[in-house]
Amino acid sequence: KIGICKSLICIMPAFIFPSALFLRSDHPRISAKDRKEFFSPISLQADFRATFLRTEARRHTRRFFHGNQLVWQHDPCVTPPSTFSVTQSLSEKSPLRQELRLAIPSKGRMAEDTIDFLKDCGLSVRRNNPRQYSAVIADMEPQIEVWFQRATDIVRKVMDGDVDFGLVGYDLVAEESNGSPDIVVVHDALGFGHCRLSVAVPTSWQDVHSMDDLVRFAKSRPESSPLRAVSKYHNMTRKFFESCGMRPYKLLYGDGALEANPPMGSADFIVDLVSTGVTLRENQLKEIEGGTMLNSQSVLIANRTALASRPDALAAVHEMLERFEAHLYAKQKYEVTANMRGESELDVGSQLLSQPDLGGLSGPTVSRIILKDGTETEKWFSVSVVVRKDRLYESMREMRRIGGRGILVKPITYIFEDDPPRWSALLDTLAASS
């Protein structure tokens, strides 16, 4: 038994400090003096203390940028270890990387919609293993690294410069960035992930139908018993409540299944994202008039420093903007083709332009048809025009009215035009901050 205990005591440092596995006590290159110092209890205790201090330092600090310095600031609520440095130069944080990085949500409906959107824009995400948190978009030159992250972490990593671009809901950008100049919203309407940040109260509150009613209800309660609101959007909720003059209230933190809190009695009402409202109704909650804080959808964000200092990052965001705009614009349109009789191309084109929905992008396309039987007794023309998707049926009726036959309707994948307006707006924003 004594021999077993001695053996365990000898091998335990190797599990605590992996370097001990590579420095056996009988190694020929280790002198007797070094061997004695390395495996001494005092040396092992010092190593353990240094490891502990580094771990505690990270746990009790938070990061933020001040100029070009990455600062590790003590949490005022915790007394951190006294022996560690709180300032780290940005240049020492990590070596300058060459690759471009895009962060997207790692799970949930938003992750699926983001990958589908990128694919529709011709940017397929190649992921070798669904358990991996990294992938690539090889359709761009140079190819872009894709990192799957929690939605809240995407905003922080773009702010910190760990990634260059991010696709995330605007609600999290507004909450987490809190007006930070390090983030630039490159595209503010990608067309998916629609929701709204709203106040929802129990349906049993029959006298509360608006924010004014909620404010009056809160003021009727004593300071010792304020209304309790639960949300994960504390920054926006506080600003909104203060602007409404709501007092007293107590703001609690919750992340997920917030609708269960009022029925459980752990909160009086909630502030959460709403898309269809079905979950609210199923849990006896209702939105109130004037209680919508923010309308959100997926947006493209970028690190301002990366755009200002890296030409390849600016070129990449230009290509992404062009692809996104071309796809989003094309989603609103259909191409309609038909055959029409007429005297000439000009005559047929004039008939099309006389209709309110058949003007096309710049005008209709008209070309002569070579008939199968080779006869020239009648002149037939093929016409092609781009119409609005929400005006498709009206466009078809107009086409029939002027003699269109054999009408075909085709979806459009992309419509590339001049540089999108958001590109010019981005350049103006970067120029103003330089």
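How many disulfides does a search of the whole structure find? The answer is zero, counting as a disulfide any pair of cysteine sulfur atoms within 2.5 Å. Do keep in mind that this is a predicted model, where local features need pLDDT of at least 70, side-chain atom pairs count only at pLDDT 80 or more, and totals for chains, interfaces and linings use all residues. Residues are numbered from 1 along each chain as its sequence is written, and side-chain values use heavy atoms, leaving out hydrogens and water.

**Cysteines**
- Cys195 has a relative accessible area of 17% and is buried (under 20%, with exposed over 50% and partly exposed in between, using a 1.4 Å probe and protein chains only).
- Cys244, at 28%, counts as partly exposed.

**Helix pair** (helices, H or I, have at least four residues and strands, E, at least two; both are DSSP runs numbered from the N terminus)
- The axes of H13 (residues 311-330) and H16 (residues 421-433) come within 10 Å and cross at roughly 150°; axes are lines fitted to C-alpha atoms, for helices over the stretch in contact, and angles run from 0 to 180 degrees between N-to-C directions.
- H13 and H16 are therefore roughly antiparallel (over 145 degrees).
- Contact (heavy atoms within 4.5 Å) involves Leu314, Val317, His318, Leu321 and Glu325 of H13, and Arg422, Trp423, Leu426, Leu427 and Leu430 of H16.

**Sheet**
- Four strands form an open sheet in the order E17-E18-E16-E19, paired antiparallel (pairing takes at least two DSSP bridges).
- E17 (365-368) and E19 (405-411) each have a single partner strand, so one side of each lacks a neighbour in the sheet.
- Between E16 (residues 333-341) and E19 there are five bridges, and Thr337 stands opposite Leu408 in E19.

Note on methods:
Angles under 35 degrees count as roughly parallel, over 145 as roughly antiparallel, 65 to 115 as roughly perpendicular and the rest as oblique.
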